[in-house]
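My notebook is open and the viewer is up. I want to look at charged pairs, a sheet and the nonpolar cores, in that order.

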Amino acid sequence: MGTITAKGKLLHYLRAPLYMFILYFAGSIVLFCYSRRVGAVSLSLACIYGLINIFVYIKNNRSLSDEIIGFAVQYGTVQGKLLREFQIPYAILEGDGRIVWMNNLFSEITGKDTSWQKSITTIFKEITRETVERAQEDQFTIQIQYEDRIYNAYLNKMDFDVQSQTDKQPGDALFVEHMGSLISLLLADVTELEKLKRQNEDDKMIPILCYIDNYDEVMASVDEVKRSMLTAVLDRNINRYFREVDGIVRKTDRDKYFIIINKKGLGKLKENKFSILEDIQGVKIGNDNIFTVSLGIGCGAESYVNRAEYARAAIDLALGRGGSQVVIKENQDVSYFGVRGKEVEKNTRVKARVKAQALREIMEARDKILVMGHSLSDADSLGAAIGVYCCARDLGKPCQIVLNTVTSSLRPLLDTLKNDESYPRDLFVSSEEALSQLDPYTLVIVVDTNRPTYTECPQLLNRGNAIVVFDHHRQGSEKIANPLLSYIEPYASSACEMITEVLQYFSDEIEITSKEADLIYAGILIDTNNFMTKTGVRTFEAAAYLRRNGAEVTRVRKLLREDMSAYKARAEVVRHAEVFHGAFAISVYDSKDTESPMIIGAQAANELLNIVGIKASFVLTNYKNIIYVSSRSIDEINVQLIMERLGGGGHLNVAGAQIENSSVESVKQRIEDIIDILINEGDIKL
């Protein structure tokens with residue numbers, strides 16, 4: 001194309017004397033009209049000039065074409081040599097990815113001969129046929145790794161258009177003909193750049209907040225002479241652990257540490273699954289209780305200030321999960337690590353006493369109280385709400401319980417109150433009624449859940465300006481924002497146990513009727529599976545307190561009896577259970593004909609643990625387009641880890657999840673995949 005254009009311009013310059021001859025000849029004719037002698041001389045000279053120009057044009061036209069063609073060939077040879085010896089790997093591909101041509105450096109890097117013309121995929125697995133097709137639509141860049149080098153591969157479409165003439169006559173118009181397209185592939189070696197990027201990323205400082213959860217309790221059980229030695233051993237273990245990853249440890253309080261490590265060091269700590277949690281538990285110098293430690297780690301943000309804020313939020317989550325936990329907050333993502341062992345119960349009731357007094361002060365400052373639990377309330381949620389009602393009644397404050405759906409398992413419990421005229425008729429209200437009564441002087445108390453989306457009426461949390469939370473489930477990334485009081489105690493067996501302790505310190509003269517004691521006792525009984533799961537000293541002390549206030553085991557047992565259809569449904573769930581890896585029982589429950597599907601699912605999960613060889617059970621229930629998962633274990637499997645990866649949470653032996661916009665089959669497959677991952681990572685040992 002360039003040769004044709006250059007030749008056309010040169011021909012115009014070569015023809016210029018001929019154009020001058022025409023003007024010269026016309027002028028000579030005009031001059032001849034005025035003077036024959038002068039005109040004849042001028043015409044003679046013009047003719048001689050014209051003949052000379054025609055001779056030169058004819059002679060040089062052919063040689064000019066030969067020289068232009070020779071230059072073009074020489075130029076193409078030089079251009080091809082430069083491209084072959086280009087110091088950047090370069091290749092040309094066809095539309096299907098076959099290599100048409102490569103330069104010397106591309107051949108040297110790939111170890112292929114320049115005549116090698118197979119698919120590019122046989123060299124670079126990352127460049128697939130789909131990648132080449134995408135490059136035909138738009139310029140495309142992909143990072144590839146070949147041997148020990150990293151390259152950015154730039155693929156670009158090249159269209160070939162050739163200009164030619166409609167005729168062979170000089171000066172005729174040109175037209176463009178599309179001859180096809182190829183894909184150019186250029187490799188840029190970015191190995192050193194990526195290495196510097198990775199090094200810069202690895203060197204980013206990561207703040208860590210480290211708190212000893214039960215420092216005062218452990219020290220109180222040790223002789224005063226041994227306390228300084230115990231503290232020294234504790235400090236040494238923490239310093240030694242973080243020194244192995246080039247960490248800086250500064251003690252800010254007797255039970256608090258501020259630590260700085262780099263991101264590379266954080267990766268090493270993840271690999272050993274934060275063994276500091278178990279190392280600290282092994283510190284013993286005359287102490288009966290073991291130490292537990294919590295870590296809050298902030299990363300992901302560009303500024304150090306934001307990372308420090310993330311660390312602060314992470315340590316709050318770790319403490320809210322009951323301690324002995326590591327929480328990593330990276331922007332909006334939260335990761336959890338914990339010891340593979342039983343949670344340690346706190347024997348002290350100082351926290352319960354402080355929370356009870358704080359609750360009393362908050363309730364005294366409000367005109368009325370709304371209490372709600374989680375959606376599809378169970379006995380624990382109802383019993384805890386009744387306990388709060390007792391506190392409000394002691395202060396003379398009106399209190400209502402938000403309850404939308406009454407299941408068959410909950411109806412016998414409610415009937416004991418509805419048939420008693422001493423309770424107000426509007427004790428239980430729907431979400432709509434609660435929203436209509438909400439005003440700036442209303443206190444909203446949430447029991448048995450700490451997730452806003454799980455509550456009976458999430459709108460109450462958005463509109464209310466005074467919120468209190470009581471829950472025994474481990475706190476996750478989703479939490480109720482800005483509560484006036486938050487009492488989340490994962491060590492507790494149930495919300496009813498927590499409320500029972502609050503009742504004991506709320507007032508010396510508080511009155512609890514036998515019916516109310518029965519309902520609270522029923523909540524403890526259900527969540528502990530008849531005192532077989534997650535029970536501690538404080539659980540039995542709470543049960544004893546309720547028994548002193550009139551709770552009767554026989555009456556509670558009658559209240560918790562189920563009908564024949566529910567019993568058969570639970571038996572069907574157990575009968576259709578499948579065993580995964582010889583230790584995990586997974587079953588699906590069809591909830592079409594029952595009112596309390598989640599209760600049946602939870603009971604079936606408990607029943608499956610009675611089978612020899614079953615270490616953990618999972619029951620999936622599809623109810624109103626939500627998949628409810630109930631998971632249980634005895635002691636060997638931490639079902640909380642499985643449920644957290646599924647989007648839920650809970651405790652070591654009791655956990656669950658709610659999954660929207662999914663099918664039972666896909667959730668079941670996800671559970672099996674998570675189990676496989678945890679087995680490979682060593683968190684589950686069969």
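I am working with a predicted model, where local features need pLDDT of at least 70, side-chain atom pairs count only at pLDDT 80 or more, and totals for chains, interfaces and linings use all residues. Residues are numbered from 1 along each chain as its sequence is written, and side-chain values use heavy atoms, with hydrogens and water left out.

**Entry 1: charged pairs**

I looked up salt bridges (a side-chain nitrogen of Lys or Arg within 4 Å of a carboxyl oxygen of Asp or Glu). The structure holds 22 of them.

I started with arginine 149 and aspartate 189, whose side chains meet at 3.1 Å, N to O. Arginine 149 belongs to strand E4 (residues 149-165) and aspartate 189 to strand E5 (residues 174-189), so this pair ties together parts that are 40 residues apart in sequence. I take helices (H or I, at least four residues) and strands (E, at least two) as DSSP runs, numbered from the N terminus. Arginine 149 counts as partly exposed because its relative accessibility is 27%, and aspartate 189, at 41%, is partly exposed too.

Next I checked arginine 393 and glutamate 516, which form a salt bridge with the closest N and O atoms 2.7 Å apart. Is glutamate 516 buried or exposed? At 0% relative accessibility, glutamate 516 is buried, while arginine 393, at 33%, is partly exposed.

My last pair was arginine 570 with glutamate 607, at 3.9 Å from N to O. Arginine 570 sits in helix H20 (residues 564-575) and glutamate 607 in helix H21, 37 residues apart. Here arginine 570 is buried at 9% and glutamate 607 is partly exposed at 35%. I also noted that Glu201, Lys204, Lys263 and Glu302 are joined into one network by salt bridges that share partners.

**Entry 2: the six-stranded sheet**

I then traced an open sheet with mixed pairing, in the order E18-E19-E20-E21-E23-E22. Two strands pair, by my rule, if DSSP finds at least two bridges between them. Strands E18 (578-580) and E22 (649-650) are at the edges with a single partner strand each, so one side of each has no neighbour in the sheet.

E21 (residues 626-633) and E23 (residues 654-660) pair antiparallel over seven bridges. Tyrosine 628 stands opposite glutamine 658 in E23, and serine 631 has alanine 655 as its bridge partner. E22 and E23 make a hairpin with three residues between them. On E23, the covered face carries Ala655, Ala657 and Ile659, and the uncovered one Val654, Gly656, Gln658 and Glu660.

**Entry 3: nonpolar cores**

Finally I looked at the nonpolar cores (sets of buried Ala, Val, Leu, Ile, Met, Phe, Trp, Tyr and Cys residues joined through side-chain atoms within 4.5 Å). The largest has 62 residues, and Leu359, Met363, Ile445, Phe470 and Leu503 have the most contacts inside it. Helix H12 (residues 379-395) gives the most to this core, with 11 residues. Another core of 35 residues lies apart from it, with Phe274, Ile280, Val326 and Phe337 among its members.

Note on methods
Buried means under 20% relative accessible area, exposed over 50%, partly exposed in between (1.4 Å probe, protein chains only).
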